[in-house]
Amino acid sequence: MAVEKLSTRHLLGIKDINRNDIELILETADHFKGVINRTIKKVPSLRDITIANIFFENSTRTKLSFELAEKRLSADVVNFAASSSSVSKGETLIDTVNNILAMKVDMVVMRHPYAGAGQFLSKHIKAQIINAGDGAHEHPTQALLDAFSIRQRLGDVAGKKVVIVGDILHSRVAISNILCLQKLGAEVMVCGPTTLIPKHIESLGVKVEHNLIKALNWCDVANMLRIQLERQDIKYFPSLREYAMMYGLNKQILDNLDKEIIVMHPGPINRGVEITSDVADSKQSIILEQVENGVAVRMAVLYLLAAQND
Amino acid sequence: MQKRTLLDGQKFQITIKRLCHQLIENHNDFSNTVLIGIQPRGSYFADRVKHELSEVLKKSVIQKGNLDITFFRDDFRRKDGIVSANSNTIDFIIEGKNVILIDDVLWTGRTIRAALDALLAYGRPAKVELLVLIDRRFSRHVPIEPDYIGLQVDTLVSQQVRVSWKETEGEDKVILISESNK
């Protein structure tokens, strides 16, 4: 019975955790996957913990997934959406969160449009912070569940080749995925139009490819990202239609590859842009498995972080 | 550190045989009874009990599962770090069945309390009984007592009882470990 713990009190980004932490989270998630497939999907581990889900940005999957994970661990949950709150009356982030914490909340799950919002908060308040996406910076739980899904399908992440296709420039999923996959020993490539690939991204140790077919022929796993129009202040490519022709994945491309690859997508999908319907719904797509695994991985993160509390 | 052997050799084998015969007295041919070993060490014991029962009853379909109680422990967040989880393998329905919970050592009873909690996630058994190889008596924190006991021993809190199995450690043996030379 090995006693293990994470090296961190908060989960702000993959950058701050090490390979042991990631492996501990994935192993714990394996057990929680067993739990959520039972008739009674609930365990009492977090029954003395209150968690606030604070979302300053829209979310469907992540919010639902966190809430389900919290409830299946028996935590008490309060939800907060910025659009329907006093934030619109001019309250600052610290004030909002401190007010919530005054109601005795132990953990905060936060999504925020600004990079580093989680770090900022962790320096000013006592509760444990889990970053559920901060601007174009990090989205650690997505990267963990992606790694978990790859491991589940291919047996291991180490030695695998993963290409991330699309809007790398605005993607927190891309950054967290690159860091997480590399820490687990995978090779990572990014693929997209020059304008959507950040300059100097090679310094992270990733390959850069602008030709989709070449990238797909290289990889074992293709992670297709959405074009984040809401974050694009200028035009990065002539039209969505042209983007779809150059970088959209369709069944014909998939069938003409030398080997069978796995297709992933963090959602929400723009069908017909980065991925066509027949690919999204094909056998090679593990998009819905990612969603299922998301709950188990988030349970593992919450459970392991709660154990740190002293 | 002092070590004293509590049980080994022929006496160990006779103890397990006796426990199996006691089980058969109450559960006949095990058609409505299942064995559940508590992870990790209780599952080795449950394997042995299943093996012995199969030999005596000349029957090979006694159902046995493993139950992990990690997420149901009552000491979560009360000590440094957490105990890593083990797998649950219960491939049958326990609803309406007689369940024999099996663990190697019964001490404070907290593990069994958690196991009863964890077991309910799989359904409502008709009856739950407890089988332990070693009962460290007079040391319970909760009102839980075993139905079948291999050996009762009197121990100090500072002492440790360790059961080793032929399959995993190469020898069937129970030892009592005392810190220093008190």
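Two strands pair if DSSP finds at least two bridges between them. Helices (H or I, at least four residues) and strands (E, at least two) are themselves DSSP runs, numbered from the N terminus. The model you are looking at is predicted: local features need pLDDT of at least 70 and side-chain atom pairs count only at pLDDT 80 or more, while totals for chains, interfaces and linings use all residues. Residues are numbered from 1 along each chain as its sequence is written, and chains are lettered from A and ligands numbered from 1 in the order in which they are written.

On one hand, β2(B) is joined by 4 bridges to strand β3 (residues 64-67) of chain B, and the two run parallel; here Gly37(B) stands opposite Asn66(B). On the other, β2(B) pairs with strand β5 (residues 98-106) of chain B, again in the parallel sense, over 5 bridges, and Val34(B) stands opposite Val99(B). Strand β2(B) is mostly covered, with 5 of its 6 residues buried (20 or more other C-beta atoms within 10 Å of a residue's own make it buried, 12 or fewer make it exposed, and anything in between makes it partly exposed, with C-beta atoms placed from the backbone).

Now cross over to chain A.

Chain A has an open sheet of 4 strands, with parallel pairing, in the order β3-β2-β4-β5. Strands β3 (76-81) and β5 (128-134) of chain A stand at the edges with a single partner each, so one side of each is left without a neighbour in the sheet. That partner of β5(A) can be followed in detail: strand β4 (residues 107-112) of chain A pairs with β5(A) in the parallel sense over 5 bridges, and Met110(A) stands opposite Asn131(A).

Next, the helices. Two packed helices are described by the angle between their axes and the distance between the axes. Helix α5 (residues 140-154) and helix α11 (residues 287-306) of chain A pack at about 120 degrees, with their axes 8 Å apart; axes are lines fitted to C-alpha atoms, for helices over the stretch in contact, and angles run from 0 to 180 degrees between N-to-C directions. Among the residues that meet are Leu144(A) and Phe148(A) from α5(A), and Val297(A) and Val301(A) from α11(A). This contact has 5 nonpolar, 6 polar and 3 charged residues.

Finally, the unreviewed UniProt entry has a "binding site" annotation whose residues include Arg61(A) and Gly267(A); such annotations may be inferred rather than shown by experiment. Arg61(A) lies in helix α2 (residues 61-72) of chain A, and Gly267(A) in the loop between β10 (262-264) and α10 (277-280) of chain A. Arg61(A) counts as partly exposed because it has 14 C-beta neighbours inside 10 Å; Gly267(A) counts as partly exposed with 16. Leaving aside neighbours within four places in sequence, Arg61(A) is in contact with Gly267(A), Val291(A) and Gly294(A).

Note on methods:
Contact = placed C-beta atoms within 7 Å. Nonpolar A, V, L, I, M, F, W, Y, C, P; charged D, E, K, R; others polar.
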